[in-house]
Amino acid sequence: MKKLFQRLSLGKKIFAGTLFVFLLSFVLLLLGQLVFFNHYYTYLVRRNLQNSVSALASEYLSWETHAEINAGIVRRSNESNSYMMILGENGEIRHLVSYEMTVETPDKKQYRITLDNATKSKPFQEMNLKEGMTVSVQVKGHRDFRESNFYVPFQIDSADKHWTDSSDFRGIPPEIAEKFENHVISGTIVSILLPDEKSLGMYLPRNETFRAAMHWRQKRLSQELEEEAGTYHYLYTDFESGNPYMIVFTNIEKNGRAESILAISPMRSVVEAVTVAGRMSALWGLFAICVAGIIGFIFSKIFARPILRMSAVTKKMRELDFSELCEVRSQDEIGMLAQNINEMSDQLAKTISQLMSANEQLTADIEHERLLEQQRKEFVANVSHELKTPLAIIRAYTEALSDGISKEKQEHYLSVIVEETKRMNDLVLDMLKNAKLESGAERLDCSLQSLCETARKIVRRFENTLQQDDIRLTYTIPDSDQLYYFDRHWLNQVITNFLTNAISHTASGGEIRVLVKGGRLSVENTGTQIPEQELERVWERFYRTDQSRNRLSGGTGLGLAIAKNILNLHHAKYGVENTTDGVRFWFELPEKDN
């Protein structure tokens, strides 16, 4: 069973747990009702009667008149939902609950009229009698124990309402009923005592009241009583009606006479309630199962949904997907857990992003180091290659001179040695210049100047040379006053390198075109195009499209690399592209506010 429960999903566990707790609570409640309710209710009724009897006993000792005693007994009976009476030592009734009214006639005489036989009647209740109302009462009366007029009505009229007693004085002992005489009493109600709504349900017929008093006397004589807090109590079942009653009494002494205060409360309602509850247990059990099932299902959805949502989010987090969050708005522990998961997801995403950035940077650094190493090797190889040839020529010609060649050849050999020495000097100077630019050791001296004016001066210096080489030079340089922020010395070097490169790659009869437009300058030459895969490599040191490195195909191989580094220091854009009949190099200076 334990393993089966462990294999259930969270929603099913919550459903099963809720159903079990609900049913267990219902079963315990039902058992408590069937087993303990009767005893507990009996205890409450007994304690209530004991308190009322004790309170009435303390008050009764201070009362003198019949009206005070009757009003007190009625009040205490209404409060305790019981029927109270005061009995003599031998069981005779001295005072009992008497619902009555006092009517004063026009001649100022007052008559006490008992209402015990009327209070249970619906027509009488609808009359709603109160003090100050005028009534006409037809009675049978006699003189009571304290020599005050006491009458039993059989008809009461007030305004357009009336009540008639059809009980024929049932419940009154025949020897007393024979003494009643007919009277008509008309007057105003000066006082009235009636049961409240709860006491109406506790009304006891006179015959049952008298039998309870007689049973009390028997119990008192036999001493078969239970004493508690100065009072006695026992359960009594009327032998005619079969109704059960709780009887509580206490013994007192007033004016030298032994008396007892007796309170009677019907117990039939609780017996009926327990019986009905037992019969309804099966129906309530079925209803409880349905309710528990519905509540368990709702609870399982309420509590399982956010947990399942968090499970789905954490599953994606395991796959390094932090795009989704736990959308739980509650402020309880589940809400706190969801908030913690969201914060953890955000922190993990940031941490992993930082790690990936660091990894990318490390990869880039490694790749950069690899490229630097490769460039270093290529640089050494290129420099070795560039220097090897002139050194070899110088050595060969020097050895020839030492061997004593003819004077005519000596001048030629010396001119070759000077030329190769100059070539090596230019190469070393360009290497030093490029190294300074790449390392950032070279600082620009920039100012606002005219690009058009700078380009025009450089182009005009090349016109005579190009005419001698049979290369046509065309340029379009406007007379613009727009100024740009650049270093004139180094930008002259860029334009010169572009033109020198174009000249070295333009055959006799070709054309070089220079165009300046705004901050953009382009140098285009006709001739052989550069392969597309080689375009980005033209900016590398010692790169030549002619991989054989023919010394006749160009200069030192550092011109474009130097131009690139100068343009980078100016934060300028630059590039190279093939045209329909040649190649175009260009750069564009950034605009700056004056």
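What follows is a chat about helices, a strand residue and some loop residues in a predicted model.

Me: How many helices and strands are in the chain?
Reply: The chain has 14 helices and 19 strands. The model is predicted.

Me: And what share of the residues is buried?
Reply: Buried residues account for 38% of the 594 in the chain.

Me: What about contacts between residues at least 6 apart in sequence: what share joins residues at least 24 apart?
Reply: That share is 67%.

Me: Let's go to α13. How many residues does it have, and how far does it reach?
Reply: Helix α13 has 17 residues. From its first C-alpha to its last it reaches 24 Å, close to the 24 Å expected at 1.5 Å a residue.

Me: Which residue caps its N-terminal end?
Reply: D487 caps the N-terminal end of α13, with a side-chain oxygen 3.0 Å from the backbone nitrogen of H489.

Me: Why call α13 largely enclosed?
Reply: Because 12 of its 17 residues are buried, α13 is largely enclosed by the rest of the structure. The buried residues include W490, L491, F498 and I503. Q493, T496, N497 and N501 are also among them.

Me: How do α13 and α14 cross?
Reply: The axes of α13 (residues 488-504) and α14 (residues 559-569) come within 9 Å and cross at roughly 145°. The crossing is left-handed.

Me: Which residues meet there?
Reply: From α13, W490, L491, Q493, V494, N497, F498 and N501 take part. They meet G559, L560, I562, A563, I566 and L567 of α14. By class, the α13 contact with α14 has nine nonpolar residues, four polar and no charged ones.

Me: Is H571 buried or exposed?
Reply: Exposed, because its relative accessibility is 65% and the cut-off for exposed is over 50%.

Me: Where does A159 lie, and what is its phi?
Reply: A159 lies in the loop between β6 (149-158) and β7 (161-164). Its phi is near 55°, again a positive value in a residue other than glycine. A159 is exposed, with a relative accessible area of 81%.

Me: What sits at the ends of α4?
Reply: T65 caps the N-terminal end, where a side-chain oxygen of T65 lies 3.2 Å from the backbone nitrogen of E68. The helix is followed by N81, whose phi is positive, near 55°.

Me: Which α4 residues are buried?
Reply: H66, I69, N70, G72, I73, V74, R76, S77, N78 and S80 are buried.

Me: Last one, E524. Where does it lie, and is it buried or exposed?
Reply: E524 lies in strand β17 (residues 520-526). It counts as buried because its relative accessibility is 11%, and buried means under 20%.

Me: What does E524 touch?
Reply: Leaving out residues up to four places away in sequence, E524 touches E511, I512, R513, T579, D581, V583 and R584. With T579 there is a side-chain polar contact of 3.2 Å.

Key:
Residues are numbered from 1 along each chain as its sequence is written. This is a predicted model: local features need pLDDT of at least 70, side-chain atom pairs count only at pLDDT 80 or more; totals for chains, interfaces and linings use all residues. Side-chain values use heavy atoms; hydrogens and water are left out. Axes are lines fitted to C-alpha atoms, for helices over the stretch in contact, and angles run from 0 to 180 degrees between N-to-C directions. Helices (H or I, at least four residues) and strands (E, at least two) are DSSP runs, numbered from the N terminus. A crossing is left-handed if the near helix is turned anticlockwise from the far one by less than a right angle, and right-handed if clockwise. Contact means heavy atoms within 4.5 Å. Ala, Val, Leu, Ile, Met, Phe, Trp, Tyr, Cys and Pro count as nonpolar, Asp, Glu, Lys and Arg as charged, and the others, Gly among them, as polar. Buried means under 20% relative accessible area, exposed over 50%, partly exposed in between (1.4 Å probe, protein chains only). A polar contact is a pair of N or O atoms within 3.5 Å; within protein, one must be able to donate a hydrogen and the other to accept it, and residues adjacent in sequence count only if both atoms are side-chain atoms. The expected span of a helix is 1.5 Å times one less than its number of residues.
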